[in-house]
Each structure stands twice: as structure tokens, then as C-alpha cells.
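Welcome! Take a moment to look over the sequence and the structure below, and then we will walk through them together.

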Amino acid sequence: MLLRRRDRRQAALVTISTTRRRSFADREDILGAAMLAPALAYVILLVGVPFVLAIVLSFSTATAGSLSFGWAGFSNYAAILGDPIFRRALGNTAIVTIGSQVLVVVLATAAAQVFRAAFHGKRTARFVLLLPWAVPVSLAAIAWTWIFDSTFSVINWTLKVTGLLHGWLYWLGEPGLALVAIIIVQAWRIFPFATVIVLAGLASLPQDVMEAAIVDGAGFWRRLFQIELPLLLPVVAVAVLFGVVYTATDLGVVYILTGGGPANTTHVLPTLAFQRGIQGADLGQGAAIAVFLLPFLIVVAIAMLRLARHTEVGAK
Amino acid sequence: MAGVEIRNLSRRFGDFHAVDGVNLSIREGEFLVLLGPSGCGKTTLLRMIAGLERPTAGEILIGGERMDADVPPRARGIAMVFQSYALYPHRTVFRNIAFPLEAAGLPRNVIDQKVRWAAELFGITRYLDRYPRQLSGGERQRVALCRALVRDPKVFLLDEPLANLDAKLRNTARDELKRFQRQIKRTTVYVTHDQVEAMGLGDRIAVMDRGKVRQIGTPHEVYEDPVDTFVATFVGQPPMNLIALHDGRLLGFRPENFLPRDHFPAGERVRPLGFAVRRVEYLGSDRYVYGTVTDPGAGDATVIAKLPVTVGTAIPDGETLPFAVPERALCYFDAATGARRRS
């Protein structure tokens with residue numbers, strides 16, 4: 001109805017111009033569909049189909065070695081839930097995700113404060129800050145394996161020289177330390193992106209509200225914790241949402257740093273899924289592991305978006 | 001309580017002189033209005049008093065104490081109300097008003113008592129649990145005033161606090177503001193570009209243009225006795241008529257003093273001027289008559305006459321009528337400099 005009215009209006013316009021025929025560009029219905037098609041095809045073919053396939057596979061007995069496809073019901077899920085390695089990986093995923101995001105929020109807020117101030121070489125510093133985000137995960141992870149290397153670890157060397165360390169830390173050799181290492185790398189990877197988001201949020205804060213707080217006599221910390229951070233909450237929530245999704249679904253960092261070892265203690269769900277499904281050829285179980293996190297991520301996403309909307313400020 | 005003393009104050013942004021050597025003495029308990037067009041430096045001046053902007057040169061004294069550039073706003077004994085009200089959107093009205101008291105580290109029961117006292121004064125007690133976004137413009141403005149009041153400042157700084165209200169509300173808000181200031185008798189500096197607000201509120205008005213104070217005086221002085229053509233045309237609605245005389249002077253007169261010749265009693269000394277009427281605007285309480293002055297001593301100039309309803313003379317479009325201005329209402333200016341001349 002609305003469209004037809006618009007068409008009529010356009011028809012009226014056309015009578016004024018020289019040509020009376022509707023050209024292709026006037027047909028909004030066709031044009032719209034044509035322009036949306038590539039994006040739609042991309043999403044359906046490269047995201048939708050594999051996604052549905054993964055869910056279907058998780059209920060099957062499919063293996064990488066054969067073309068047979070047997071229905072397995074919930075047996076894959078039952079199998080992984082009974083598997084201590086899976087439960088460990090699930091816990092690790094939670095620890096790594098939460099740990100790295102806490103680190104990211106603190107670091108990104110602090111860094112955003114620094115980058116808001118004017119100082120010499122700010123442009124260069126900002127460029128350097130963004131680098132970790134631009135570096136391919138594999139390359140970065142390989143660099144980090146050297147930093148955490150059992151013999152050549154730069155961290156150990158620095159701690160030794162400054163006299164803070166008396167033993168020797170086998171970063172990737174002990175399960176606890178390896179998780180710490182993974183958290184550090186994940187935080188390092190997400191932190192630039194979060195900083196940029198928080199910086200954008202800071203820039204959009206109403207200037208006079210900040211000045212009102214200054215006039216009202218609030219010092220730096222009071223302004224930070226009682227005015228700035230609450231106002232930034234929606235923005236930080238978005239940054240955390242992205243961070244959670246990136247970290248919880250990341251394969252590369254853990255795969256290259258520890259490969260899930262030592263003795264399968266540092267697996268996260270994506271690495272375990274890869275090990276079971278691709279390397280171990282059990283497609284069904286691999287898919288079940290991969291899909292397992294999906295409901296949780298959806299809940300996290302909804303919660304974060306609701307938080308963002310709830311705290312959104314109607315300043316004017 | 002304290003006055004504010006401003007000496008030779010300047011603020012430059014690069015080559016731009018936002019505030020250019022301003023001297024101003026604001027008396028204790030006075031309501032001073034900084035009036036000027038946008039970009040004239042009035043807000044920058046206010047922000048320097050508040051300590052939000054660093055002066056390039058000059059001194060500010062509040063209550064006789066010198067406020068060097070590094071005296072922070074909280075130590076100046078000032079409170080400020082922003083044009084947007086700058087309420088904290090994530091805090092309730094109560095916690096907005098309480099914020100400066102919390103920052104000052106007052107005990108909870110004192111805060112509670114002060115907030116309720118201020119809210120009572122402005123009649124917003126029933127909104128204390130609401131958030132700013134749930135309030136109307138007028139209510140937000142009162143919350144902002146409340147927040148300023150609870151700090152018990154020596155000086156109130158108000159930056160166009162009525163500009164965001166709709167026209168209907170502005171009149172009552174203006175009246176409330178003035179009554180409030182009379183009641184607490186606190187030195188107040190008020191920035192506005194609206195000359196009606198300035199006239200209605202100010203004990204004195206400082207008219208600013210391009211970083212300088214052009215004139216300071218009571219609303220009456222600024223209106224009746226402008227020091228130059230800028231003040232003459234900025235204050236008053238419609239502005240003062242200016243016509244160029246052949247001897248290098250400008251003749252100025254207010255539209256409400258430009259009336260039909262026969263309206264003046266025979267004994268009154270008047271300056272007669274022919275008025276070629278172009279168009280008449282009927283505005284209910286007044287008529288605005290647009291046209292051109294024809295006078296042997298002056299060039300043609302477009303002027304406006306403002307006739308109250310009590311002047312019933314018929315004014316047909318397109319005719320030239322005998323008008324006049326009483327001599328006591330004539331102002332002379334130098335055509336080259338714009339400065340006022342005595343004759």
C-alpha cells in the first residue's frame with residue numbers, strides 16, 4: 001500500500017521529466033532485492049549452511065573417514081558431558097573468557113584515559129596500540145610462544161634480572177601457568193579493539209555533564225567511578241560482548257600456544273572440537289562440542305544488549 | 001557572600017580574541033547579566049570565572065580573593081547551571097542534588113536534610129526518585145538550580161538556563177528565577193543572548209561584542225542611553241532605527257518613539273520626518289510599520305515604527321505620511337566609529 005502510493009508519487013514526478021518510462025532504478029522493489037542478494041547469499045552460504053550442518057552433525061554418527069550418516073540422537077552430547085577432558089575444556093573456556101575480559105575492561109578503560117590526554121607522539125602511540133589487533137592471530141601466537149618459551153622466556157629473564165624470581169617458570173608446561181599465559185595473550189589481542197570502543201564512548205560523553213561534575217567538586221576518582229564509568233557502561237558492555245564472543249570461539253591462540261596440552265589440561269572448546277572432530281575424525285562429537293557453547297553465547301549476547309539498552313541515557 | 005572583580009581579563013584561542021581585556025566589577029548580591037550575540041565571549045568569560053577555562057591574561061577576584069588559574073572550580077565558592085542543565089542521567093533527582101554534597105564529604109543525614117530543603121524550595125520534592133529523562137524541561141531546570149543551590153555558593157553562574165525551555169514556560173521560569181535570587185540574595189552572573197531576558201532579570205547588564213564589554217548599566221540605561229550603535233541596535237525589539245545624516249552623524253530613535261506627527265501635543269519639541277509607508281504588520285497589541293524616511297537632511301533609510309493600539313491613525317500602504325520623533329528621544333552617533341555623540 002505504502003509502496004504503491006510512493007510509486008504514484010514517482011509517476012507524477014516522471015511526467016514532469018522528459019522520459020515517461022520507469023527505469024530500473026525506479027523499481028525499488030526489484031532494486032532492493034537485487035542489492036541485498038549478494039549479502040544474503042554470503043550469509044546463507046557461508047554462515048547459515050555450515051551452522052545448520054554443525055547442528056545436524058552433532059546429532060549424527062558421521063566420521064571424517066566415511067560417507068555414512070547415522071542418526072545418533074543425544075548420544076554425542078551425553079558422551080562429551082561424561083568426558084572429564086570436555087568438562088575441563090568447558091571450565092577453561094569460562095576461565096579464559098572471563099579472566100581476559102576482566103583484564104581487557106580494566107586495561108582498556110585506563111588506556112582510553114591515557115589516550116584522551118594530549119601528549120607528544122600520541123598518533124604513533126595510537127598506531128602501536130592498534131597493532132595487536134591487526135596482526136594475524138597465528139603470527140602473534142608464535143611470537144608469544146617465544147615469550148613463554150621454557151628456555152628463552154623473556155618474562156623469566158626479566159624477572160630474574162630484576163631479582164623478583166628465584167625459581168624458573170615453565171609457562172606453557174604447567175596447566176595453571178599455561179592458562180595464565182593464554183589469558184594474557186587473549187587480553188592482549190582484544191584490548192586494542194576495546195580501547196578504541198571505549199575511546200569513542202568517552203568522546204561521545206556530554207562535555208557539560210563532565211564539567212558539571214568538576215564544578216560540583218568531584219575529584220578524578222569520583223568522576224571516573226560515579227559519572228564516567230556508569231555513563232560508559234553501555235559502550236563497555238558492547239566491547240565486552242565482542243570480547244566474549246572473540247575469546248570463547250577462538251581456536252588459534254590456544255592451538256598454537258599449548259595445543260591443548262600439557263595432557264589435555266588447557267583445551268578450550270574450539271581446540272577440543274578441532275581435535276575430536278577433524279584430527280580425531282569424529283565429526284559428530286566435534287560438532288557437539290562446537291555447538292555446545294552456542295546457547296550460552298546467545299544468552300550472554302542478549303544480556304549484554306539488554307544491559308546496554310537499559311542504561312542508555314536519554315540525555316536530552 | 002561576595003562580589004566578583006574582573007581585571008583586564010583576556011582569553012585568546014590562537015589568533016582569536018574570545019575575551020579581550022574585560023574589566024567588570026560585580027557587586028555583592030547583584031544580578032548581573034552578560035548579554036551579547038553568539039561568539040561575543042560571554043560564555044568564555046563565565047567559564048573563566050568558574051575556573052573551567054584558563055585566562056590568557058588578567059585577574060579574577062571572588063569575594064576579594066584572587067583566583068589564580070590553578071584554583072580549581074570546587075575551591076572558588078561558585079556553582080554553575082549549564083544551558084543543557086548537565087544533569088547526571090544515571091542518577092535520580094535526589095542523587096543529582098546530593099552529588100556536590102557527597103563530593104564535599106558531608107554525612108548522610110546532613111545531605112538528606114539539605115537535599116530535601118532545596119527540593120522543597122523549588123517544589124520538586126515529588127520528583128526526587130525519578131530520573132532526569134522522566135522530567136520535563138522546566139523540571140530539569142529546577143533540578144539543576146537545586147543542585148547549584150545546595151552547595152551554598154558565594155556566586156551563582158548561569159549559562160543560558162532558560163534557552164532550552166519553550167517560549168510559554170520561559171516567562172514563568174524567568175519570574176521564578178528572579179524571585180529565587182531576591183530571596184537568597186546571592187551574587188549571580190547570568191549569560192544570555194536574549195535581550196528580553198537580560199532586561200527582565202538583570203540589576204545591571206553588561207553588553208558584550210567581539211570579546212569586549214561595550215556598556216554596563218541598568219536595563220534602563222542600556223536601553224535609553226546606548227553608548228554606541230552596537231548596543232543601540234542589539235538591545236530593543238525591533239532595534240533602534242538609524243538614519244545617516246549628511247553631516248557624518250547617525251540619527252537614532254526607538255521605533256516606539258516614531259509616531260504620527262499629529263499624535264504629539266503642540267508644545268512638544270519634535271523632529272519631523274516624512275515616512276513613506278511600505279507595509280503594515282498587525283501584531284495585536286502593536287502595529288509595526290515598515291517604510292522609508294524621506295528628509296532633506298538625511299539619506300533614504302529603511303525604518304520601523306511601532307505603534308501601540310492606542311494610536312488609531314489609519315496607515316495606508318504606499319503613502320507618505322508626516323511622522324515625528326520627540327527631541328528627548330533622539331540619539332546621535334558618529335557614522336565612522338559608531339560611538340555616541342552628545343549632539
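## The overall form of chain A

Let us begin with overall dimensions, keeping in mind that this is a predicted model. Chain A has a radius of gyration of 26 Å, whereas a compact globule of 316 residues would come out near 20 Å. If you draw a box along the principal axes, the C-alpha atoms of chain A fill roughly 85 × 70 × 35 Å.

What is chain A built from, in helices and strands? The count is 14 helices and 0 strands.

## Inside chain A

How much of chain A is buried? Of its 316 residues, 31% count as buried. As for contacts in chain A with a separation of 6 or more, 68% of them are made by residues 24 or more positions apart.

## Where chain A meets chain B

Now turn to the place where the two chains touch. Here, 18 residues of chain A are in contact with 17 residues of chain B. On the chain A side, helix H9 (207-215) and helix H10 (220-248) each supply at least two residues. The largest share comes from H9(A), with 6 residues. Sorted by class, the side of chain A that touches chain B has 11 nonpolar, 3 polar and 4 charged residues.

## A closer look at helix H9 of chain A

Just after H9(A), look for A:Gly217, which takes a positive phi of about 90°.

## The two domains of chain B

Chain B is divided into domain 1, covering 4-230, and domain 2, covering 238-341. The C-alpha centres of these two domains of chain B lie 38 Å apart. Where they touch, domain 1 of chain B contributes 5 residues and domain 2 of chain B contributes 7 residues. The side of domain 1 of chain B that touches domain 2 of chain B is made up of 3 nonpolar, 1 polar and 1 charged residues.

Key. Residues are numbered from 1 along each chain as its sequence is written. Chains are lettered from A and ligands numbered from 1 in the order in which they are written. This is a predicted model: local features need pLDDT of at least 70, side-chain atom pairs count only at pLDDT 80 or more; totals for chains, interfaces and linings use all residues. Domain bounds come from an automatic or database domain assignment. Two residues are in contact if their C-beta atoms, placed from the backbone, lie within 7 Å. Ala, Val, Leu, Ile, Met, Phe, Trp, Tyr, Cys and Pro count as nonpolar, Asp, Glu, Lys and Arg as charged, and the others, Gly among them, as polar. Helices (H or I, at least four residues) and strands (E, at least two) are DSSP runs, numbered from the N terminus. The radius of gyration is taken over C-alpha atoms; the globule rule is 2.2 Å times the number of residues to the power 0.38. A residue is buried if 20 or more other C-beta atoms lie within 10 Å of its own, exposed if 12 or fewer, and partly exposed in between; C-beta atoms are placed from the backbone.
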